[in-house]
Amino acid sequence: MLSDDELAARVRFDEHRGVRVLIVDASAIRDAGDLALVVARATGMVQREPQRSVRSVMLVRDMQFHRSALPLLKDTFLRLQPQMCASCLVGVDGLQRVVLQILNRLTARERPAFDSLEDALDWLGARP
């Protein structure tokens, strides 16, 4: 189980070239409960933000995908859609790519995938 300090390090607002970005680090998470904690923290932070104001990147490299993750992520993506300006993922591979395509269809929103955090942050910074 992730500690409060680990959660704070994994889910945080940061600034990149003058643009505020929510970084959600789910990389290398192996436990479904830990993923739920990360998602819950991100949800709480995003819900306090104005509509169409949040830019976010989710790091998923080496995250173990659990069956419970798809409905959790779908429900979260839908619930937070009003606050989101732009979102993307980093480290999508294999089965995750299929899941991302499904989530994009279910939520009617495109979330591009990038290989590096720097590329993702640059893309988010260019969004109006």
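Which residue in E3 does valine 24 stand opposite? In this predicted model, local features require a pLDDT of at least 70 and side-chain atom pairs count only at pLDDT 80 or more, whereas totals for chains, interfaces and linings use all residues. Residues are numbered from 1 along each chain as its sequence is written, and side-chain values use heavy atoms, with hydrogens and water left out.

Valine 24 stands opposite methionine 58 in E3. Helices (H or I, at least four residues) and strands (E, at least two) are DSSP runs, numbered from the N terminus. Strand E2 (residues 19-25) pairs with E3 in the parallel sense over 4 bridges, pairing being assigned if DSSP finds at least two bridges between two strands. From E2, the chain crosses through helix H2 (residues 32-47) to E3 in a right-handed β-α-β crossover. A crossover is termed right-handed if, with the strands pointing away from the viewer, the path from the first strand over the helix to the second runs clockwise.

E3 also pairs with E4 in the parallel sense, over 6 bridges. Within E4, alanine 86 is the bridge partner of arginine 55. A right-handed β-α-β unit is made by E3, helix H3 (residues 69-80) and E4.

Strand E3 (residues 54-59) is mostly covered, with 6 of its 6 residues buried; buried denotes under 20% relative accessible area, exposed over 50%, and partly exposed the range in between (1.4 Å probe, protein chains only). Both faces of E3 are covered: one side carries the buried residues Val54, Ser56 and Met58, and the other carries Arg55, Val57 and Leu59, likewise buried.

The loop between strand E4 (84-90) and helix H4 (95-107) contains aspartate 93. Aspartate 93 is exposed because its relative accessible area is 58%. Aspartate 93 lies 30 residues from methionine 63 in sequence, and their C-alpha to C-alpha separation is 9.7 Å.

Ring contacts were also examined. Rings of Phe, Tyr and Trp (its six-membered ring) pair if their centres lie within 6.5 Å, and planes under 30 degrees apart count as stacked, over 60 as edge-to-face and the rest as tilted. Phenylalanine 114 and tryptophan 123 form a tilted pair, at 5.8 Å centre to centre and 45 degrees between the planes. Phenylalanine 114 counts as buried because its relative accessibility is 18%, while tryptophan 123 is partly exposed, with a relative accessible area of 23%.

The charged end of arginine 20 sits over the ring of phenylalanine 13, 3.6 Å from its centre; this assignment requires NZ of Lys or CZ of Arg to be within 6 Å of the ring centre and within 35 degrees of the ring normal.
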